[in-house]
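The sequence and model follow.

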Amino acid sequence: MKTHTGFVLGLALTLGSLPAACSSKKNSGSSSSLGGSNGALGSATAAGGRRANATGGVSATGGAGPSTTGATSATGGVSPSTAGGTSTTGGASANSGGSGVGGASLGGASPTGGTPAVVDSPSHYNLTGFATVGPGTTGGGIVAENDPAYAKVTTPLELATALLAFNKSGSIKVIEIMNDLDLGWNEVGSAAQTLASSPFTPAAAPQLHPRLITTGVSKIDIKSKSGLTIFSANGSTLRHALLNIKDTSNIILRNLKFDEMWEWDEQTKGAYDKNDWDFIDIGNGGTASNVWIDHCTFTKAYDGIIDTKGGSYNITFSWCKYVGDDGATNPNSFVRQQIQALEANRAAYPMYDFLRTNGFSVEDIVQISQGHDKAHLLGANSLDATNNAHSMTIHHQWAINLWDRAMPRLRAGNVHNYNNYIDDTGVLAARRLRDARAQAMSVSAQATLSGTYSFNPPLNGAIATEGGALLVEKGVFMNCLWPLRNNQTDVNNATYTGKIQALDTIYHLDNENAAPTHVRGNSTDPGNPLRPFQAAIIPFSWNLPGNALPYTYDLDDPENLAAIVQTGSGAGALTWDKVNWLKTTY
């Protein structure tokens with residue numbers, strides 16, 4: 001295995017407005033250190049070409065990519081936000097949930113230096129992927145602010161009223177979230193609770209987190225009608241609520257932060273299987289289609305970040321950021337509030353008390369708990385025939401310290417994962433800390449830790465099971481122990497095995513007591529550690545007509561991904577005219 005100690009992903013960039021003339025995206029430098037980038041599905045694209053809707057082949061050099069003159073929006077383009085950007089000198093960034101270059105242990109791990117990032121035109125943020133398929137996804141369209149179909153929301157009641165109008169008649173087409181909203185069941189107010197056919201209902205009651213016991217948690221239904229955009233121009237935060245997009249189509253969520261919906265799990269001993277709190281559910285109670293979730297930020301939820309159910313299809317996630325908790329730098333973080341409450345009465349909480357009695361300090365538990373557990377799931381029930389309909393594109397995501405399902409866990413159906421940056425550096429350190437504490441325990445305590453409690457980050461990346469087809473292209477996996485998996489149920493039963501392959505993808509692992517592993521190539525390359533190791537590999541093919549994706553798309557060079565996503569991903573990353581959040585092309 002080829003190793004490199006001087007690993008560089010290239011973070012140097014200058015924040016500010018995009019120039020009038022922008023460079024087109026490049027896909028150069030795609031050869032693998034393991035013997036070339038050609039895989040079973042064909043080679044990577046040539047310099048700057050647009051990928052065709054096929055599983056392989058080479059595009060023409062300089063094909064239908066963005067214009068080198070740089071497309072600009074009608075409102076004069078887009079500039080990255082100065083808040084939370086990476087530093088050109090290698091200092092820590094101000095991002096919540098992890099530092100940028102050279103920062104805290106739970107921040108980004110990419111060192112300074114390397115090739116400057118490609119600063120692109122607003123067309124970089126065009127809607128692409130499966131959400132463009134079929135009738136396409138437009139949300140509520142471009143609606144004037146003074147139109148009755150445009151609702152500006154400043155309170156939970158205003159949100160409930162606007163959603164009710166959409167759910168009942170479709171008369172509201174755009175909802176702009178003007179400010180942060182606390183949406184827990186106990187804090188939305190009786191008017192929102194008792195509104196006839198209110199979209200708000202109480203979710204499972206909180207058990208342990210002192211803040212959530214006070215606020216409660218709500219489930220908010222977006223349903224029945226078609227064509228709605230919910231956005232915030234300033235990256236506002238929604239707290240203490242689960243959005244349930246069901247029995248609907250043509251829905252867009254953009255530039256929102258989701259926060260404060262996690263608590264310690266004693267009842268299912270760390271499996272997080274009781275409360276069923278996801279920040280977003282798609283298709284829970286009726287299939288949803290043509291959904292676009294873009295430029296959102298997610299902290300730490302009790303269960304999944306986003307679960308897709310009921311055969312929901314034609315979905316795109318783009319430019320989102322997953323940050324977990326910020327307890328490494330915030331003494332009053334949401335995780336720390338919970339741990340402090342447990343610490344005050346340890347004997348009442350058997351799992352927590354077991355950890356504290358057997359060598360885990362408060363700081364240890366905070367560090368291990370900071371990363372989010374389960375990110376994305378497609379397919380709620382094993383071997384359910386409706387799972388075959390799932391189709392999703394996931395691109396330009398910046399995922400920091402995800403324990404599991406890093407884009408995504410798939411049961412049947414099709415997922416296209418490209419240009420995603422998965423950084424598990426902090427959670428790898430947390431796992432090694434957990435293992436060190438476990439090794440110091442008695443044999444019987446070790447058996448209890450591993451056999452009774454779930455407190456062990458698995459560091460799984462993209463997972464395909466039950467015949468699902470999952471293609472990873474030009475991504476980066478930093479310190480993820482299992483970047484690709486193909487079975488999580490029974491490795492000897494091909495029924496539970498999926499089809500998964502990575503093309504021209506970077507994998508980096510900081511080994512203990514050895515030089516780092518660093519490779520760029522395809523998972524089919526001999527000896528590549530990207531390949532799934534769990535079950536016998538099923539050769540990749542799409543579960544789609546003609547074995548081809550039904551859309552075209554552009555690809556960034558993975559060497560530049562760190563800088564690209566750290567500048568452009570998440571709520572509040574972009575500063576541009578409000579109307580741009582209502583558009584799907586620029």
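The count comes to 24 salt bridges in this predicted model, a salt bridge being a side-chain nitrogen of Lys or Arg within 4 Å of a carboxyl oxygen of Asp or Glu. The model is predicted, and local features need pLDDT of at least 70, side-chain atom pairs count only at pLDDT 80 or more, and totals for chains, interfaces and linings use all residues. Residues are numbered from 1 along each chain as its sequence is written, and side-chain values use heavy atoms, with hydrogens and water left out.

| Pair | N to O distance |
|---|---|
| Asp221 and Lys246 | 3.7 Å |
| Lys374 and Asp273 | 3.6 Å |

Glu260 lies in the loop between strand S11 (257-259) and strand S12 (280-282), and Arg211 in helix H3 (residues 210-215), so the pair ties together parts 49 residues apart in sequence. Helices (H or I, at least four residues) and strands (E, at least two) are DSSP runs, numbered from the N terminus. Glu260 is buried at 16% relative accessible area, while Arg211 is partly exposed at 30%. Buried means under 20% relative accessible area, exposed over 50%, and partly exposed in between (1.4 Å probe, protein chains only).

Asp221 and Lys246 meet in a salt bridge; Asp221 is in strand S6 (residues 218-223) and Lys246 in strand S9 (residues 241-246), 25 residues apart. Both Asp221 and Lys246 are buried.

Lys374 also pairs with Asp273. Lys374 belongs to strand S18 (residues 374-378) and Asp273 to the loop between S11 and S12, 101 residues apart. Lys374 is buried, with 7% relative accessibility, whereas Asp273 is exposed, with 56%.

A network of salt bridges links Lys474, Asp504, Arg520, Asp557 and Glu559.

An open sheet is formed by 10 strands with parallel pairing, in the order S2-S3-S7-S10-S13-S16-S19-S22-S25-S28. Two strands pair if DSSP finds at least two bridges between them. Strand S2 (150-153) and strand S28 (499-503) are at the edges with a single partner strand each, so one side of each has no neighbour in the sheet. Within the sheet, 5 bridges join S7 (residues 226-231) to S10 (residues 248-254), and Leu228 has Ile251 in S10 as its bridge partner.

The axes of helix H4 (residues 334-343) and helix H6 (residues 362-369) come within 10 Å and cross at roughly 140°. Axes are lines fitted to C-alpha atoms, for helices over the stretch in contact (heavy atoms within 4.5 Å), and angles run from 0 to 180 degrees between N-to-C directions.
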